[in-house]
Amino acid sequence: MRGALSWPFLRLYMLTLLYFSANSILNVIIPLKGAELGATNTTIGLVMGAYLFTTMFFRPWAGHIIQKHGPIKVLRTILIFNGAALILYTFTELEGFIVARILQGVCTAFFSMALQLGIIDALPEKDRSQGISMYSLCAYLPGILGPLLALGIWQAGDSYYFTVAMVTIAILTGVVGYSAKMDQKVAEPAPGQTEQGATMFGSVSQLVKNPILCKCSVLMLAASIIFGAVTTFIPLYAVQINYGNAGIFLMLQAGTVVLSRLVWRKKIPSDGTWRSSFMVGIMLTLATAALSVSLSIVGGAVFFYVGAILMGIAQALLYPTLTTYLTFVLPKTDRNVLIGLFIAMADLGVSLGGVIMGPVADFFSYSFMYMICAIVGVTMIIFAYERSKTSVELR
């Protein structure tokens, strides 16, 4: 497996695209279904948040299991459970959706960690950021057409089309996943270290003790709250905007992520250096995006869709930049588990974007909620400006 764009890696990116296709549909269908059933924004936020909250909880454990047994065995096992979760969506309603979201959350924790850690281990350092960026790009690709497809399924008013979509995605993901290959490197314990020396429970304290991991995790957590609020409530907020359309918004956002990743995939730092101005620029873009979405209630569709584009740019750059940086500066013995903790913070943020911001929208308005998101983004501009030492010597 040589180069981030060689055939074995392209097959992994294809698998990623198929796996996350279901989410691009469910992220629209679930809020609309919840609203139809009379659920509050708080309830909808809890249902949507259950997915990544579960992912967050299992992510560090997944990193430990994959480090011990290798990614390919974990991947093939988890695809079976993912198929069961997708099929469960087809014959249940809101209560069943919660169970399916939790099961899918467990699957995503292991799936994404297996793919990302497999890519990190197989690629040389100079190609690492490109590989992570391509993986993340393919995770967002379904968001270009998925929301429009979801709106078409919803407007058709026939559950048959939804069932066909979920079953087809489950089967295709399983077929491609079982034929995928990646280098398997099972980590050996370091001298003097027990086999469970890098467990997730023993490493949680590093979120506070390790200033580099702490900085990256806080930035990712705060940004993900904003991303989560957009994912959960844009399908409901769009109907309040003149000429607003949730499908177009999510398509623009995802399309911008994809285009930005393609154009700037080689520009993302891949040398273990913290670039303060680069991070400040990303957080400024994110804060402006949230502000634009908030002001669209009075400014109309132009503000709404500009917010989608800016949100996509921030999403495209933030995750691969922070993840790549951490692969260089974290100690190798605990790297997989610590990266799992970092990604868990991203999951927690997206989950909180629905759980916390739902009550805000209930008590105030969607516009006010997105203004709060903009304030969070501004706060992170200040946090990102504080320089972090490049700790390559810790490796």
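Reader: How much accessible surface does the protein chain have, and what share belongs to carbon and sulfur atoms?

Author: Accessible areas here come from the Shrake-Rupley method with a 1.4 Å probe, and for residues only the protein chains shown count as cover. For this protein chain the accessible surface is about 15700 Å², with 67% belonging to carbon and sulfur atoms. Keep in mind that this is a predicted model: local features need pLDDT of at least 70, side-chain atom pairs count only at pLDDT 80 or more, and totals for chains, interfaces and linings use all residues. Residues are numbered from 1 along each chain as its sequence is written, and side-chain values use heavy atoms, with hydrogens and water left out.

Reader: What share of the residues is buried?

Author: Buried means under 20% relative accessible area, exposed over 50%, and partly exposed in between (1.4 Å probe, protein chains only). Of the 395 residues in the protein chain, 59% are buried. One of them is Thr-321, at a relative accessible area of 7%; Thr-321 sits in helix 13 (residues 301-329).

Reader: How many helices and strands are there?

Author: Both are DSSP runs numbered from the N terminus: helices are H or I, at least four residues, and strands are E, at least two. The protein chain has 16 helices and zero strands.

Reader: And which residues form a salt bridge?

Author: Side chains of opposite charge can pair when their charged atoms come close. The rule asks for a side-chain nitrogen of Lys or Arg within 4 Å of a carboxyl oxygen of Asp or Glu, and the count is one salt bridge. Glu-36 pairs with Lys-33, their closest N and O atoms 3.7 Å apart. Both residues lie in helix 1 (residues 7-36), three residues apart, about one turn of the helix.
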